[in-house]
Amino acid sequence: PFTVELWVKPAADFFKQKQVFLVDKKYFHYASDRQDANWDYGFYLQQNARETDQYQLTVTLGFGQDSVWASTPYLPFAADSWYHLAFTYDGKGRVAFFRNGVLLAENVFPGRQAVANGSHGLAIGDRFGSLFNAFPGLIDEVRISKGVVTFQTGTVALGFTPERTV
């Protein structure tokens with residue numbers, strides 16, 4: 001199980017891109033004729049063909065022999081606005097997506113287990129392969145966590161014991 005989260009701020013030319021990669025460790029390829037196409041994961045945004053200001057969060061997970069794709073409904077994005085985007089994978093077939101701490105969608109793939117470890121390093125804001133799908137804008141505070149991170153909106157109450165803190 002793992003979680004990938006980051007902050008993004010699309011630039012004005014973001015909306016010219018049909019697909020933009022956020023984080024990639026997988027040679028993303030629909031026709032999996034490449035050996036490395038079914039290993040690790042990729043996290044990207046896919047543009048709506050009719051509403052160019054709307055994108056869906058999409059994840060592709062590789063299991064060695066094949067891959068699955070999970071996604072959200074299309075969501076509006078605005079230039080020069082910050083968004084916290086995240087997905088979790090529980091290692092048992094469940095992918096959950098979040099934007100600004102709100103659960104957007106869950107996709108379940110029965111019988112799936114751990115994602116297969118690949119040989120690629122981590123690409124942030126771009127992808128492996130021959131197409132240019134870099135993220136037009138800013139990406140900040142990328143965090144990849146072991147395990148499923150819980151996201152909640154609302155306030156947090158902190159209490160300190162003892163009274164002295166450092």
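I began with burial: 48% of the 166 residues in the chain are buried, that is, under 20% relative accessible area with a 1.4 Å probe, protein chains only.

I noted the ground rules next. This is a predicted model, where local features need pLDDT of at least 70, side-chain atom pairs count only at pLDDT 80 or more, and totals for chains, interfaces and linings use all residues. Residues are numbered from 1 along each chain as its sequence is written, and side-chain values use heavy atoms, with hydrogens and water left out.

I looked up the surface. The accessible area of the chain is about 9200 Å², and carbon and sulfur atoms hold 51% of it. The method is Shrake-Rupley with a 1.4 Å probe.

I looked up the elements. I found eleven strands and zero helices. Strands here are DSSP runs of E with at least two residues, helices runs of H or I with at least four, numbered from the N terminus.

I then checked one pair. β1 (residues 2-10) and β7 (residues 83-89) are antiparallel and share seven bridges; pairing takes at least two DSSP bridges. Leu6 faces Leu85 in β7.

Last, I checked contacts, meaning heavy atoms within 4.5 Å. Of those with a separation of 6 or more, 61% join residues 24 or more positions apart.

How values were computed
Buried < 20%, exposed > 50% of the residue type's maximum accessible area, 1.4 Å probe, protein only.
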